[in-house]
Amino acid sequence: MNLIEKLGLENAKALDGMLRKHGVPESWKIAVINGRWQRSSDGFTHGELRAALADHDHIDTCTDIKNHISPNTKVIEHE
């Protein structure tokens with residue numbers, strides 16, 4: 001499970017916004033415990049969170065046409 005899936009997209013964006021607002025360095029390790037973020041020796045860095053958000057914006061989720069048509073439509077491979 002990647003970081004965005006673990007936190008949820010909206011929570012990840014909100015957390016990044018709070019970390020930026022408070023000037024948290026990208027090297028700090030962060031853990032989310034009971035819905036609150038804190039500095040921790042475990043977890044992920046602010047930089048990893050920012051990278052995961054940037055990567056999420058570039059993921060192609062529409063590569064398989066079978067996911068975007070009616071279930072009644074027959075899809076065949078063309079050679």
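User: Which loop holds Gly35, and is Gly35 buried or exposed?
Analyst: Gly35 lies in the loop between strand E1 (29-33) and strand E2 (36-39). Strands (E, at least two residues) and helices (H or I, at least four) are DSSP runs, numbered from the N terminus. Buried means under 20% relative accessible area, exposed over 50%, partly exposed in between (1.4 Å probe, protein chains only). Gly35 has 70% relative accessibility, so Gly35 counts as exposed.

Residues are numbered from 1 along each chain as its sequence is written. The model is predicted: local features need pLDDT of at least 70, side-chain atom pairs count only at pLDDT 80 or more, totals for chains, interfaces and linings use all residues, and side-chain values use heavy atoms, without hydrogens and water.

User: Which residues of H2 are buried, and how wide is their arc?
Analyst: The buried residues of H2 are Ala12, Leu15, Asp16 and Leu19. The arc is that of the directions from the helix axis to the C-beta atoms. Down the axis of H2, the buried residues line one face of the helix, because they fall within an arc of 100°.

User: Which exposed residues does the face of H2 turned away from its buried side carry?
Analyst: The buried residues of H2 have a cover that includes H1, E1, E2, strand E3 (44-45) and H3. Contact here means heavy atoms within 4.5 Å. The face turned away from the buried side carries the exposed residues Glu10 and Lys21.

User: What residue follows H2, and what is its phi?
Analyst: H2 is followed by Gly23. The phi of Gly23 is positive, near 70°.
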